[in-house]
Amino acid sequence: MTNVTLSKLTKEFEGKPDPSVDHIDLEIESGKLTALLGPSGCGKTTTMRMIAGLLRPTSGDIKFDGKSIVSIAPERRGAVMVFQNYLLFPYMTIRENVSFGLKMRGVSKTETRQRVGEMLDLVQLPGLEDRMPKQLSGGQQQRVALARALIVQPKVLLLDEPLSNLDAHLRDEMRELIRRLQGELKITTIFVTHDQEEAAVLSDKIALILRGRLQHFGPPEEYFERPASVEIARFFGGVNFIPGAYDGSVIATSIGKFSAPRSSIASGAGVLTIRPEAVEIGGEGANSVPGRVVSHVYAGRYARFLIDVGGIRIEAVSDPKRVSQIADGDSISLRFDPNEIWVLAQPTEGDGVSLGASEGGNGSVASVSGDE
Amino acid sequence: MTMSAQLAAEDDADLVGRSGGRRAVRVSTLRWVVIIGLLAFLIAPIIPLILWSFSFRWTFPNLLPTEYSMRAWEAVASPTNDVLLATWNSTVIAVVVTALSILIGVPAGRALGLYKFPGKRLVELLIVAPIIVPTLAVALGMHTLFIRYGLSNSLIGVIVVHLIPALPYMILVMAGVFANYDSAFESQARSLGANGFKTQRFVTIPAIMPGLVVGSLFTFLISWSEYVLTLLVGGGQVITLPLLLFNFARSGDNAIAGALAVVFIVPGILVLVFTSKHLSSGQAAMGGTGAL
């Protein structure tokens with residue numbers, strides 16, 4: 001049970017104009033699963049390597065239970081990292097791999113033997129002690145890597161993209177295993193991922209990092225229901241952004257006025273956003289607008305429509321059965337449920353964020369997605 | 001060479017499993033051709049040497065010696081001769097040269113194989129230079145320096161001069177090893193609780209061992225067979241086996257030259273037998289002998 005505190009953590013690399021990690025402040029609670037989420041190159045892995053002690057911060061501090069650990073060597077920190085490509089020592093058996101940390105700590109042979117057995121049971125790989133790593137599948141290697149880290153009872157477990165090298169079916173299995181082990185052992189766990197869905201499913205809290213800066217830190221549902229900025233909303237799969245003027249309860253846009261009680265700003269220049277699943281196709285009455293279907297995609301479990309409303313493209317996801325009732329070019333009515341609308345601050349110039357929807361930049365429905 | 005490719009190439013069972021039996025058959029045919037070739041070109045020439053060493057009279061056109069004797073071997077084993085001293089010198093020099101090559105060559109190879117730095121191409125070129133430029137030319141130039149610093153006519157001087165041809169091989173082999181080496185394994189070991197020394201001991205050295213063995217083999221044998229540089233810098237004071245062998249060969253005593261040649265060959269064969277498991281087993285998993 002260890003809580004991890006990052007304060008003004010910064011890492012600059014020579015020859016790079018901007019810091020890779022830029023003054024990150026983060027309070028990671030003891031015994032929780034926390035995701036560091038961001039696109040590749042955002043500094044999330046650099047942050048993790050600094051926590052592990054494999055990189056020295058340029059400035060700032062890292063504390064375990066209030067004690068600074070930046071000057072402590074990685075092997076004495078109690079933070080164990082599991083790398084993305086597992087890194088099982090290829091010339092060692094599974095037993096030797098799993099017991100590596102115990103050997104480094106001078107644990108007796110009999111105790112080691114027993115603990116290796118227990119640990120392999122825990123990751124559901126009993127009896128594989130004498131195999132070599134290359135004889136194991138990717139998923140098995142991943143579990144051995146996890147066992148090798150857990151056997152030393154780390155204060156903090158660091159997982160680098162734990163699911164990215166696995167195929168879909170193994171991914172679910174591994175996800176369950178990590179959740180279960182973490183629940184049983186209550187080890188403070190930090191993992192790095194670029195996949196917002198993976199972060200949402202696996203973690204108690206998500207720290208979103210973009211361009212080396214912490215954007216937001218909170219439970220997964222906040223990111224989907226109440227994102228703090230257009231950029232965050234976009235990263236979490238948001239696609240509908242309509243700029244307008246907000247007076248605290250109603251937002252006036254170029255396509256009409258919408259009542260919107262939920263917002264991240266009190267009033268002023270705002271952006272209406274609504275998730276494609278919440279757009280009601282055929283809905284009439286208050287908060288509805290007329291539109292014309294531009295194109296659609298049938299995806300089996302759902303159908304995705306791209307609708308032109310007064311020059312603004314709106315994406316809507318609906319019951320797949322609607323596909324047979326609605327043809328491209330049809331005029332339809334759309335309703336935005338006031339409780340589903342979320343009003344954000346308009347991004348300022350220089351943020352590098354544009355409102356793709358208002359520029360009609362999203363030509364095809366299929367290409368619109370939040371992940372990188 | 002990737003890790004898996006290397007493992008596949010070195011493990012017949014894997015080959016059969018991966019791409020059917022045909023490639024395995026071709027590999028084993030190739031293996032026999034290589035073995036027979038090696039026997040013909042490497043082992044066969046030794047046979048006359050052995051015969052010479054036991055001969056008393058062996059004249060044209062006889063295929064085998066007409067009279068045998070142990071004279072040559074008695075002479076070689078006699079303590080009044082320089083053979084024991086020369087063997088001792090040769091061994092000490094070759095071992096020390098190899099040890100120094102490891103100390104210098106492993107870090108140098110690591111830097112060349114793992115890191116990018118300005119002027120890397122130039123450094124690579126300079127390292128190969130002693131192999132390209134005739135060593136004798138370099139050594140003649142260095143000789144004056146050696147005399148000035150009192151290194152000529154001494155064992156230390158000979159060791160230093162042997163490093164000129166030996167070290168580039170060690171560095172090149174290690175650079176090849178480290179080019180295929182993933183230093184993240186070291187980070188992983190640190191993270192699991194190994195300090196710097198234990199990381200080297202349990203992770204780095206086992207991973208580079210095959211390359212280390214190959215490189216050591218090269219440097220040992222280069223030093224062991226060096227003649228010109230030993231003669232030049234040792235000034236005839238430091239007597240090694242090649243010097244002795246050359247003397248007997250020149251004086252026309254084929255029997256003793258043959259016996260000496262056999263002695264001369266033995267360490268090479270011993271080292272090869274002793275290290276062959278490193279050369280061919282799957283130990284190279286984390287690195288490899290890439291550039292070779």
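The model is predicted: local features require pLDDT of at least 70 and side-chain atom pairs pLDDT 80 or more, while totals for chains, interfaces and linings use all residues. Residues are numbered from 1 along each chain as its sequence is written, chains are lettered from A in the order in which they are written, and side-chain values use heavy atoms, without hydrogens and water.

**Interface**

| Quantity | Chain B with chain A |
|---|---|
| Residues in contact (heavy atoms within 4.5 Å) | 23 of chain B, 27 of chain A |
| Buried area (accessible area, 1.4 Å probe, lost on being put together, summed over both) | about 2,000 Å² |
| Salt bridges (Lys or Arg side-chain nitrogen within 4 Å of an Asp or Glu carboxyl oxygen) | 1 |

Carbon and sulfur atoms account for 66% of the buried area. B:Gln188, B:Ser191 and B:Leu192 supply 32% of the area that chain B buries against chain A, more than any other three residues.

The salt bridge joins A:Glu75 to B:Arg190, with the closest N and O atoms 2.8 Å apart. Among the helices (DSSP runs of H or I, at least four residues), α1 (3-10), α10 (184-191) and α11 (196-225) of chain B each supply at least two residues of the side that touches chain A. The most come from α10(B), with 7 residues.

**Helix α6 of chain B**

Helix α6(B), residues 83-114, has 32 residues and reaches 44 Å from its first C-alpha to its last. This is close to the expected 46 Å, a span defined as 1.5 Å times one less than the number of residues.

Notes
Buried area is the accessible area (1.4 Å probe) that two parts lose on being put together, summed over both.
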